[in-house]
There are 2 protein chains.
Amino acid sequence: MTTATTHRRVVLAARPHGLPTPADFRLELAAVPEPDEGQVLLRTLYLSLDPYMRNLMDAAGTAYAPAVRLGEPMVGGTVSRVAASRHPGFRVGELVLANAGWQDYALSDGSDLTPLGDLAQPSLALGGLGMPAFTAYVGLLDIGQPRPGETVVVAAATGAVGAVVGQIARLKGARVVGIAGGADKCRYAVEELGFDACLDRREPALAERLAAACPDGVDVYFENVGGEVLDAVVPLLNLGARVPVCGVIAHYNEDAPPAGPDRLPRLMATVLQRRIRMQGFIILDHYASRFEAFRRDMTQWIEAGLVRVREDRVDGLERAPAAFIGLLEGRNFGKLVVRVADA
Amino acid sequence: MTTATTHRRVVLAARPHGLPTPADFRLELAAVPEPDEGQVLLRTLYLSLDPYMRNLMDAAGTAYAPAVRLGEPMVGGTVSRVAASRHPGFRVGELVLANAGWQDYALSDGSDLTPLGDLAQPSLALGGLGMPAFTAYVGLLDIGQPRPGETVVVAAATGAVGAVVGQIARLKGARVVGIAGGADKCRYAVEELGFDACLDRREPALAERLAAACPDGVDVYFENVGGEVLDAVVPLLNLGARVPVCGVIAHYNEDAPPAGPDRLPRLMATVLQRRIRMQGFIILDHYASRFEAFRRDMTQWIEAGLVRVREDRVDGLERAPAAFIGLLEGRNFGKLVVRVADA
């Protein structure tokens with residue numbers, strides 16, 4: 001297999017204030033690296049774009065991953081093909097799940113690679129059979145624990161995580177109310193994903209509409225957005241409700257605490273009086289114990305047509321920054337994936 | 001046994017705005033009621049004063065108990081003596097744990113009474129062997145789950161709940177840092193209750209002092225106050241920390257959400273990134289499953305001198321309103337109990 005001598009990569013050019021702009025990224029050319037003994041060279045086929053990446057653009061980084069350094073490639077999960085191998089465990093041509101980041105080529109010592117075999121649709125490893133769906137599975141089933149007849153609310157209802165949350169909740173016999181941005185997404189959630197209802201967050205009076213859509217209150221709120229959706233849900237939480245906290249995308253772009261009023265006291269009073277369990281989780285913690293069960297269940301559900309996975313595919317690495325900014329604004333429709341190369 | 005024909009009761013005269021004032025209560029005389037068939041007449045010996053009562057003064061009441069109606073006696077747990085009985089299960093002279101409220105006499109059909117036998121210090125049934133200590137036991141052990149060597153933080157450290165939280169945490173091998181109002185309370189928490197440290201919340205720079213007192217971060221924060229203590233704790237919470245939420249006394253007197261900045265986004269981001277489990281609980285839910293274990297353990301700990309219980313005793317029903325207002329301001333020192341009568 002021949003490889004180029006230079007390749008493209010998208011590096012962090014500046015740390016954003018608020019929503020990132022195209023100027024915070026820079027597409028540049030670099031020499032394709034050479035694998036040392038024990039390493040493989042990876043060719044990126046698909047790059048996953050996910051909201052957590054916004055946190056890694058801040059100097060502080062996160063509790064689970066360090067910040068991307070200025071001038072370094074943006075990080076990200078990928079489906080990659082082994083282009084050259086000096087590692088006994090990987091042969092050239094093999095397809096792997098990797099963390100190659102926003103670039104055409106990357107090196108790996110193999111420790112972070114998962115062989116994908118002959119997966120019919122490899123990009124599924126970044127979505128419906130990958131991290132976002134696994135996040136939905138663990139958060140909903142292990143923390144949310146919906147029971148038949150209970151009401152589950154999830155925002156970003158057609159996104160990579162929310163769509164799977166809602167569909168699994170339906171499989172478990174819960175009533176599912178989604179929230180999404182736009183009439184087309186809401187229609188898709190109800191007609192294609194089988195949600196019982198889906199509310200357009202761009203229309204006025206979200207709180208009133210959500211109350212009307214949840215006449216028996218809310219038993220599980222899968223928190224992946226924060227902001228006004230959380231505000232609308234809190235008054236509806238039932239006794240003993242569970243709130244898995246997987247993301248607060250509405251706040252990722254905030255530099256400082258927003259102006260008041262202070263919503264914390266009301267939340268705490270609700271947590272107390274309604275005996276709410278609110279629990280944050282980072283999916284990295286759960287691979288060892290739960291990934292096999294997830295892969296088995298999810299493969300079966302997808303093959304049986306019980307869970308549908310929609311991909312929002314963008315062509316070309318150079319379009320990753322704009323697509324990522326759109327993701328933070330809720331402009332994606334399905335799991336956002338960049339097709340970087342065909343083979 | 002002879003009984004008076006009139007008795008005193010403290011009724012809710014007005015719904016408070018913010019901190020209650022004496023004018024929100026009214027001491028009045030009423031006829032001592034006559035028990036019907038199946039009822040007992042109870043003579044109040046000790047009345048418990050607890051922060052939750054503030055919530056019941058608001059028209060909305062709570063999810064676990066309705067509001068006190070205007071003109072009706074304030075509710076409250078009591079140690080009472082059976083003064084007259086037309087109930088086959090209770091004989092005159094018997095000592096019972098009851099919910100007779102802020103008055104000299106009350107009727108009961110027996111369903112809410114617990115015989116106290118010959119308890120040496122009957123008022124303990126309202127504190128160290130009663131609801132506040134049971135709250136500490138369930139919240140700390142079942143939700144907080146401290147492990148040896150972990151750091152537990154509790155505010156209102158010499159109060160009826162906080163003092164027991166800290167002492168049980170010490171018994172379980174945790175390091176305990178208390179927060180209390182005043183140097184005398186802090187000294188007591190360290191010297192008498194065995195806390196590893198106790199910070200005076202009235203001194204400046206609480207957040208910095210708490211960080212210094214918790215060099216390994218905070219694994220369990222028993223939330224019983226809210227407000228600035230929560231603010232100081234949040235940045236120190238470790239990965240996987242647990243936050244049992246038993247009360248938010250700092251906010252009970254608020255009519256409306258306080259001015260900003262909005263502290264909710266920071267809390268949610270912390271819950272997510274540090275995988276925090278925050279769980280509200282109302283002790284009423286746990287009597288059936290956990291009270292016997294609590295009573296057995298706690299009796300043993302008190303008798304062995306492993307847990308100390310301090311009572312802040314006020315003499316006379318007429319002093320209940322002022323004592324209760326003081327409780328909301330943190331002026332009590334130990335479990336607040338009103339001695340209403342001697343026998």
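Predicted model: local features only at pLDDT ≥ 70, side-chain atom pairs only at ≥ 80, totals over all residues.
Residues are numbered from 1 along each chain as its sequence is written, chains are lettered from A and ligands numbered from 1 in the order in which they are written, and side-chain values use heavy atoms, with hydrogens and water left out.

**Stop 1: the interface.** Select both chains and look at where they touch. The contact (heavy atoms within 4.5 Å) draws 39 residues from chain A and 39 residues from chain B. Together the two chains bury about 3300 Å², with 67% of it on carbon and sulfur atoms; buried area is the accessible area (1.4 Å probe) that two parts lose on being put together, summed over both. Now pick M268(B), L272(B) and R275(B): in chain B these lose the most area to chain A, together 21% of what that side buries.

**Stop 2: charges across the gap.** Show the side chains of D262(A) and R263(B), which meet in a salt bridge at 2.6 Å, N to O. A salt bridge here is a side-chain nitrogen of Lys or Arg within 4 Å of a carboxyl oxygen of Asp or Glu. Across the interface of chain B and chain A there are four salt bridges.

**Stop 3: the elements involved.** Colour α6 (227-233), β12 (237-245), α7 (264-273) and β13 (277-280) of chain B, the elements that give two or more residues to the side touching chain A. Helices (H or I, at least four residues) and strands (E, at least two) are DSSP runs, numbered from the N terminus. The largest share of that side, eight residues, comes from α7(B).

**Stop 4: strand to strand.** Next, select β13 (residues 277-280) of chain A with β13(B): three bridges join the two, which run antiparallel. Strands pair if DSSP finds at least two bridges between them. Zoom in on Q279(A), whose bridge partner in β13(B) is R277(B).

**Stop 5: two positive phi angles.** Most residues other than glycine have a negative phi. Go to R275(A), in the loop between α7 (264-273) and β13 of chain A; its phi is positive, about 50 degrees. Is R275(A) buried or exposed? At 13% relative accessibility, R275(A) counts as buried (under 20% relative accessible area; exposed is over 50%, partly exposed in between; 1.4 Å probe, protein chains only).

Finish at A205(B), in the loop between β10 (197-200) and α5 (206-213) of chain B. Phi of A205(B) is also positive, near 60 degrees, and A205(B) is partly exposed, with a relative accessible area of 41%.
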